[in-house]
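Hi,

Here is the structure I promised to pass on. Have a look at it first, and then read my notes below.

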Amino acid sequence: MATALTRKDFVSDQEVRWCPGCGDYAILAQVQKTMPEFGIEPHKVVFISGIGCSSRFPYYMNTYGFHTIHGRAPAIATGLKVTRPDLDVWVVTGDGDGLSIGGNHLIHVLRRNVDLKILLFNNRIYGLTKGQYSPTSEVGKITKSTPAGSVDFPFNPITVALGAHATFVARSVDVEQKHLGEMLKRAHEHRGASFLEILQNCNIFNDGAFNDLSDKGIKADHQLVLEHGKPLIFGKNRDKGIRMVGMRPEVVTLGQNGVTEKDLVVHDETNLALAFMLGNFEAPMPTPVGVFYAVSRPTYDNAMNQQLEEAKAKQGPGDLAKLLQKGDTWSVN
């Protein structure tokens, strides 16, 4: 009988080198803690990253891994998963790496529904290059590259993923360890492209960006935890909720003006329109965390390998040397 895996099996011998207090430490710890529960040996797991603070991740996992080039982790991960469908492939990226130079690669890996687990660390800043604004930085953000304030309207990672028709879209927060673990498990269980945005603090260049979701004293009033089949309720006293007034959502207080749980919206992970609505929540609406959308659709890697098997069955295994010499050829002296 195989020995049960533990966290130590997934911890590499490399010194973890992020700034003290970085939210990446919390994410790494939870990933290492959760991985043994999947029952997959480390040599069958691969972490692939691009460029950025988050992209140091593969060094710290005692698995196979690639620290690739800026924004191209989804493309490399696609090639690996298609040729080695037996491997458990994860992509680690950031708001800069994944949504700027890598935006094209990200939307297409989601659209294709490649069976990958994609973790996007969102700290709303470029940390590795020392504090420039990123695609998710808010309008007016003052940084070294926007001294007068950013005029760019930011990307919303959740709605970008939903717009690409990703089959699994979720969000968690770096310090919410229990919830993050649950989202990692849900992402891993899903067959297809799993997209998990992790709101992550950069205490050097953008400290407190998500303080309303991590401060124990106030987070309950700002964080809406999504649970399939349950009404949208939040608040320190669990007395706030979301109901629809016509086509618009609004925050209501249970018990006031006759409002009860029956008046509230019930979360449905299979409802794309509802997922888009929740993904677009902005203050004073609460910030949703949890699974926005989860549906089943054939995966790209499985479909491609099925095509290959059908072609082999019809035409034989093929001969690369013969193919290269087929048709018109010529020699250059």
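**Salt bridges**

Let's start with Arg-243, which forms a salt bridge with Glu-250, the closest N and O atoms being 2.7 Å apart. By salt bridge I mean a side-chain nitrogen of Lys or Arg within 4 Å of a carboxyl oxygen of Asp or Glu. Arg-243 counts as partly exposed at 27% relative accessibility, and Glu-250 is partly exposed at 27% too. For those words, buried means under 20% relative accessible area, exposed means over 50%, and partly exposed is in between (1.4 Å probe, protein chains only).

Before going further, a word on what you're looking at: this is a predicted model, where local features need pLDDT of at least 70 and side-chain atom pairs count only at pLDDT 80 or more, while totals for chains, interfaces and linings use all residues. Residues are numbered from 1 along each chain as its sequence is written, and side-chain values use heavy atoms, with hydrogens and water left out.

How many salt bridges does a search of the whole structure find? There are 12. Another one of them links Arg-84 and Asp-86, with the closest N and O atoms 2.8 Å apart. Arg-84 is partly exposed at 38% relative accessibility, and Asp-86 is partly exposed as well, at 39%.

Then there is Glu-176, whose side chain meets that of Lys-219 in a salt bridge (2.6 Å, N to O). Glu-176 lies in the loop between strand S5 (168-173) and helix H7 (177-189), and Lys-219 in the loop between helix H8 (211-214) and strand S7 (223-225), so this pair ties together parts that are 43 residues apart in sequence. Helices (H or I, at least four residues) and strands (E, at least two) are DSSP runs, numbered from the N terminus. Is Glu-176 buried or exposed? Glu-176 is buried, with a relative accessible area of 15%, whereas Lys-219 counts as partly exposed at 23%.

**Two helices**

Next, look at helix H3 (residues 73-83) and helix H5 (residues 103-112), which pack at an angle of about 35 degrees with their axes 8 Å apart. The axes are lines fitted to C-alpha atoms, for helices over the stretch in contact, and angles run from 0 to 180 degrees between N-to-C directions. On the H3 side, Pro-74, Ala-75 and Thr-78 meet His-105, Leu-106 and Val-109 in H5 (contact means heavy atoms within 4.5 Å).

**A sheet**

There is also an open sheet of three strands in the order S8-S9-S10, with antiparallel pairing. Two strands pair if DSSP finds at least two bridges between them. Strand S8 (233-234) and strand S10 (248-253) stand at the edges, each with a single partner strand, so one side of each has no neighbour in the sheet. Strand S9 (residues 240-245) is joined to S10 by six bridges, and these two run antiparallel. To find your way in, pick out Lys-240, which stands opposite Thr-253 in S10.

**Cysteines**

Finally, a search of the whole structure finds zero disulfides, a disulfide being a pair of cysteine sulfur atoms within 2.5 Å. Cys-202 is in no disulfide either, and its nearest cysteine sulfur, that of Cys-22, is 6.4 Å away. Cys-202 counts as buried at 9% relative accessibility.

Cheers
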